[in-house]
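Thanks for coming, everyone. Please have a look at the model on the screen, and then I'll walk you through a few spots.

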Amino acid sequence: MTPAWTLISAFAGALLVLLLPARSAGMARVIALLASITGALAAAAACLAKLQQPDAPAWSFDRPWIPELGIQFHLAANGLSLSLLLLTGLVAIAGVLFSWNVTLRPRAFFAFFMTIIGGVYGVFLSRDAFLLFVFYEIVILPKYMLIAIWGSTNREYGAMKLTMYSIGSSALILIGLVVAYAAAGGTSFDLDYLASVKYAPALQFWAFPILFLGFGVLAGMWPFHTWAPTGHVAAPTAASMLLAGVVMKLGAYGALCVAMPLFPQGFLEWRLVIAGLAVVGIIYGALTALTQKDLKFVIGYSSVSHMGFILLGLATATHWGLRGGMLQMISHGIVAGLLFGIAGRVVYERTHTRDLAALGAFDLWRTLPGAAFAFTLATAASMGLPGFSGFVAEISVGIGVWKSDPWLIGPVAVGIIITGAFSLRAMHRAFFPVRDATAPAAAMLPPLTWPEISAIALLISASVAIGVYPMPWVTLIDDGLNSPLFHSILALP
Amino acid sequence: MITALVLLLVAVATEARTRQPIAMELAITISCVGIVGACAALNFCPAHAESASTLLVIDPLARVFKAVVLGLGLLAVLLPPARREIAQPGEFHALVLFALTGLLLTVGTQHLLFLFVALELASLSLYLLAGFSRSAKAAEAALKYFLFGGVSAAFFLFGLSLIYGFCHALTLSAIAAALSAGPLPPFAAVGLLMVIVGLGFKLAAAPFHYWAPDVYQGAPATSVALIAAASKAVGAVVLVRLLLTGFGEAAGSAAWGLMQPGWSLWLGVLAAVSMVFGNVLALAQTSVRRLLAYSAVANTGYLLVALSANGHCAAGAALFYVVVYGLATFGALAVTAAVERERGDDSLGAFAGLVHRSPLQAVALLIFLTSLAGVPPLAGFAGKFIMFGAAMAESTTHGTPGLTWLVGLAAVMSAISLYYYLMVLKQAFVREATEVAPVGLSTSHRLALLIPAVLLVALGLFPALLLSPLTQALLATLR
């Protein structure tokens, strides 16, 4: 099975769901689940094949598309793409499972959901700048619709804000890409070709920040992160999982695999600025999360903080840092999906509140033990405790920072400590409240359903698997980082 | 070519002779037959021909755009005008065919005086069409359109006379030969500027766009569809032909830091003003027709960005975009007309819950507006990306793209435009309707929605289907 099946299964799933007759709308979720599983299996098979035969020629699909401008329909996958494809597949399955109870216009819901998944797969597979941009923008409208129609708190505002930030960031990316295209002679949009051209240093100095900022906005880079918490809170559970889990990764992936290889000298000039913004993001996101009253806002701001680690890893321009950034993308994708799933679906569906104080009254550790257990594990993963994926990622980023800019390690450590503080605070208040012994005991809540349990189990086992045995992922990532794209960036050992 | 005209005129005559108000369906059928016949005739005419006096030429560009004009005209005819709006369908459709005839002649000439006559034939018919429905708003629309149009025609003609005075030639090739001898004389430059101003009125480029909102709002839907789609496409072709064939020597440059006076710079400034004006004013609209009018101004801006690059590839991309834009804006108008007929007005609120009342209309609206906003995988996205990419590539000197300032502005403005398109889509998809009675549509109205929607998706996935023939026709024509 080639990696293209990820893409095909997602878009075919979306189309099939739309074509369902109105009376069998209940089939929509089954089709979406099957399509997600197919995609995840295709990604897993491709990853396994790569691990077994690392030197086999990479799969690629290349056809002329718009010959007038040298645009090709060019898909290919290296190790970086493969690992992110697998992440997307996992989050997609979990997202469908956590949306098992959607009854409002289910066909449209799952069609939009699968379109986003397909767009994300497409970005990770594209090797042509135009194609990448097409897939990058395909997700914008479904994102808006998912939040505005199925969302909660202030949904129309949140949806519009998120959409305008997304389209604004794409405008910057468009400018950056066409500048590179024109400066490279205006003959080809092929990313490998564009990255092989040596652009004038002056051009790189002004074009790099445009392109990087475009991707950085979607990656939640401080101070352009405000769409993320608002949008994630307004979104329905599955959309929050997708947005935080994989769509933000599009920004980080683009920064790593498009912006940096295209303008390496520009990147080295601006490296410290990015690192500074990333560190501010880590600390600011964590401090803000510490003061939130809404459980979903805590998770939303924790995403800003965690995405800061990714950008910091990239900004080190070291092999360790880039690898750590990639690991953090995968780790945060899994953990954020898990946290949003538990808070938005498992808990909210039963208690109808996300307010930390109000949740305390439900005595969740006793009335909903499954959720409390799962959230404890997810919090541990989010804090980066050893044995979970977050630890591997953060330690790699830390080593990268130590090699490039040792003085930055202090603020990073402060950020990690505050992360622990806000995670424990939220978990404690929501699930393990200190209760007055005389207060009447809260009634038991309905236990977890099988879709919820399977989704939680899938994500937790993925996080633990990476935490305990990260080698396969590291091998995949290193395969991508050793490609010629990154030669000029990884000047430092 | 001549056959095409004859067929159209026969259709006109048939309709005009029917004194009594003939049935709407009959009028539509006759018009369709005329247009299809004209298309068939187009198919048989030779690829290259010039009539003796070089008044009319048939070159690849003219052939392609005659087909485009006929196609857009056919769509406009398919859109049935409301019965209460149009008392005499026979005369109305006769005027539509007159307007189409004028537009067909306009794309097929490179003689400036004949160009003016053909353009005025089209314009006069369009003025009448704008005011056909006898409501106060339509009268206001027609009067504004006529006054602005008249002034622009005067500018155009005066510009032509200045050009003639200094070049002693009226055909574009002769003008190009006259200009290649030396620098553009200042008065000829003024003449060219006036011609561009005149065409700017036709294209609704800011600051010459003041007629557009009222015409879009007040005129019957069919007339607006003609003005917005077919007439704009023709305006773009005329501009491309005029500037690239006749005045290639007088381009100047709009590149940052290397600016030189010339039409390239003027178009760049017009483009910037149009994009900013159109997009910012569209944000505040509550009437969807007015919103589409300001979006038309903004889209003219994107078009002029590509033209100001002064290159064949960018011009081909601009022509691709103007066709795609015509399809999308026509479709949006068709949905608006249907909603208006049912709810009585075209305010944003009238679109509430459209997806429950008529899924077909809602999905079609989604396709049209997202194509206008430039969201993939629709043709509007491909068109914008190709225009901007080609404009950048053709303005590159010493490895630095000169038009970054303009393309950057265009990209940002295009992002802003998504906001107001989403305001409409939000009503249609997110808000609940006050009543959910399903809406029926006539077959021809259904076709008028389906054809552009399918074309936009197809051209979005395979832009080369239209882009390649257009670029080749342009290259073969301009050589």
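**A leucine and its surroundings**

Not counting residues up to four places away in sequence, A:L90 touches A:A40, A:I334, A:L458, A:L459 and A:A462. Contact here means that two C-beta atoms, placed from the backbone, lie within 7 Å. A quick word on the source: this is a predicted model, where local features need pLDDT of at least 70, side-chain atom pairs count only at pLDDT 80 or more, and totals for chains, interfaces and linings use all residues. Residues are numbered from 1 along each chain as its sequence is written, while chains are lettered from A and ligands numbered from 1 in the order in which they are written.

Back to A:L90. It sits in helix 3 (residues 79-98) of chain A. Helices are DSSP runs of H or I with at least four residues, strands are runs of E with at least two, and both are numbered from the N terminus. Is A:L90 buried or exposed? Buried, because 27 other C-beta atoms lie within 10 Å. The cut-offs: 20 or more such atoms within 10 Å is buried, 12 or fewer is exposed, and in between is partly exposed, with C-beta atoms placed from the backbone.

Of the 493 residues of chain A, 65% count as buried.

Next, the strands. Strand 1 (residues 60-66) and strand 2 (residues 71-76) of chain A run antiparallel, joined by six bridges. Strands pair if DSSP finds at least two bridges between them. A:I66 stands opposite A:I71. Four residues lie between the strands of this hairpin, and A:G70 has a positive phi near 70 degrees.

Last, the core. How many residues does the largest nonpolar core have? It has 408, and B:A233 is among those with the most contacts inside it. Helix 13 (residues 312-343) of chain B gives the largest share, 22 residues. Such a core is a set of buried Ala, Val, Leu, Ile, Met, Phe, Trp, Tyr and Cys residues joined through C-beta atoms within 7 Å. Leaving aside neighbours within four places in sequence, B:A233 contacts residues including B:F65, B:V69 and B:V322.
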